[in-house]
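Colleague: Hi, could you walk me through this one? I'd like to go over the fold with you.

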Amino acid sequence: MPPPLRTARLLLDAYTPKDEEDFVALFQDTRVSRWMGDGPAAEVDDRALFGRIFSKVYAQDLFDVWAVRRGGRLVGHAEIKRTDAVDGHEIVYALAPEAWGSGLGTELAEALVSYGFDVLGLTEVHATVAARNEASLRLLGRIGFTHVRDVEEDDGGLTRVLTRPAR
């Protein structure tokens with residue numbers, strides 16, 4: 001299980017079985033899931049994904065994944081993991097719409113980047129973002145990520161690969 005991380009307003013800690021309903025609600029919200037992975041999934045698939053966090057990711061210590069909480073309430077999801085798509089470690093994060101626009105996304109992304117550099121000892125951290133997700137692209141640009149290349153997806157969509165080197 002990953003160690004807990006604290007920011008000024010957020011706590012990133014391990015999921016517990018009690019988080020399932022909030023996790024599924026986050027991933028079922030199409031305003032959030034449209035930007036994640038292959039997009040919105042069936043509820044049964046999101047429940048299976050939640051189960052794999054315990055049965056695979058935590059059980060086999062595959063990578064770090066956290067529940068993102070504010071005031072004790074689950075408001076997001078975060079992870080950092082090695083991926084062949086960028087030949088390095090990628091940050092992945094999502095916040096519930098009620099947490100948008102308050103700087104929490106920046107706080108969350110910075111926490112993941114710092115963890116990658118300070119705890120994992122990485123020399124660079126990557127992010128992959130749908131080219132149409134302008135808010136995330138702006139956020140990552142503000143915190144030092146630069147556009148490296150584009151990947152054309154099977155569905156014709158475009159994904160931007162961004163990288164931030166250690167400073």
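Modeller: Happy to. A contact here means heavy atoms within 4.5 Å. By that rule, residues 24 or more positions apart account for 56% of the contacts in the protein with a separation of 6 or more. Before we go on: this is a predicted model, where local features need pLDDT of at least 70 and side-chain atom pairs count only at pLDDT 80 or more, while totals for chains, interfaces and linings use all residues. Residues are numbered from 1 along each chain as its sequence is written, and side-chain values use heavy atoms, with hydrogens and water left out.

Colleague: Thanks. How many helices and strands does the protein have?

Modeller: There are five helices and eight strands. Helices (H or I, at least four residues) and strands (E, at least two) are DSSP runs, numbered from the N terminus. Read from the N terminus on, the order is β-β-α-α-α-β-β-β-α-β-α-β-β.

Colleague: And what is the radius of gyration of the protein?

Modeller: The protein has 15 Å, which agrees with the value near 15 Å for a compact globule of 167 residues. That radius is taken over C-alpha atoms, and the globule rule is 2.2 Å times the number of residues to the power 0.38. The C-alpha trace spans about 40 × 35 × 35 Å along its principal axes.

Colleague: What share of the residues counts as buried?

Modeller: Of the 167 residues, 46% do. Buried means under 20% relative accessible area, exposed is over 50%, and partly exposed is in between, with a 1.4 Å probe and protein chains only.

Colleague: Let's look at the sheet. Which strands does S4 pair with?

Modeller: Strand S4 (residues 73-83) pairs with S3 (residues 64-70) in the antiparallel sense over seven bridges. Eight bridges join S4 to S5 (residues 88-95), and these two also run antiparallel. Two strands pair if DSSP finds at least two bridges between them.

Colleague: Which residue of S4 is the bridge partner of valine 68?

Modeller: That is glycine 76. On the S5 side, the bridge partner of glycine 76 is leucine 95. Histidine 77 stands opposite alanine 94 in S5.

Colleague: What about the turns?

Modeller: The hairpin of S3 and S4 has two residues between the strands, and glycine 71 takes a positive phi near 60° there. In the hairpin of S4 and S5, with four residues between the strands, aspartate 87 takes a positive phi near 55°.

Colleague: Why is S5 described as largely enclosed?

Modeller: Because six of its eight residues are buried, S5 is largely enclosed by the rest of the structure. S4 is mostly covered, with eight of its eleven residues buried.

Colleague: Which residues have the most contacts inside the largest nonpolar core?

Modeller: Leu12, Ile91, Leu140 and Phe145, in a core of 29 residues. A nonpolar core is a set of buried Ala, Val, Leu, Ile, Met, Phe, Trp, Tyr and Cys residues joined through side-chain atoms within 4.5 Å. S3, S4, S5, helix H4 (104-118), strand S6 (124-130) and helix H5 (134-142) each supply at least two residues of this core. H4 gives the largest share, seven residues. Apart from it lies another core, of 17 residues, among them Leu26, Val57, Tyr58 and Leu74.

Colleague: What does phenylalanine 145 touch?

Modeller: Not counting residues up to four places away in sequence, its contacts include Ile91, Val113, Val125, Leu140 and Leu162.

Colleague: Switching to H3: where does this helix bend?

Modeller: H3 bends by about 40° at arginine 52, the bend being the angle between axes fitted to the seven residues ending there and the seven starting there. Its buried residues are Asp46, Phe50, Ile53, Val57 and Tyr58, and the buried residues of H3 pack against helix H1 (20-28) and S3.

Colleague: Last one, the ends of the chain. Is proline 2 buried or exposed?

Modeller: Proline 2 counts as buried, at 7% relative accessibility. It is found in the segment before strand S1 (5-6) and touches Ala14, Tyr58, Asp64, Val65 and Trp66, not counting residues up to four places away in sequence. Alanine 166 lies in the segment after strand S8 (158-165), and at 38% relative accessibility alanine 166 counts as partly exposed.
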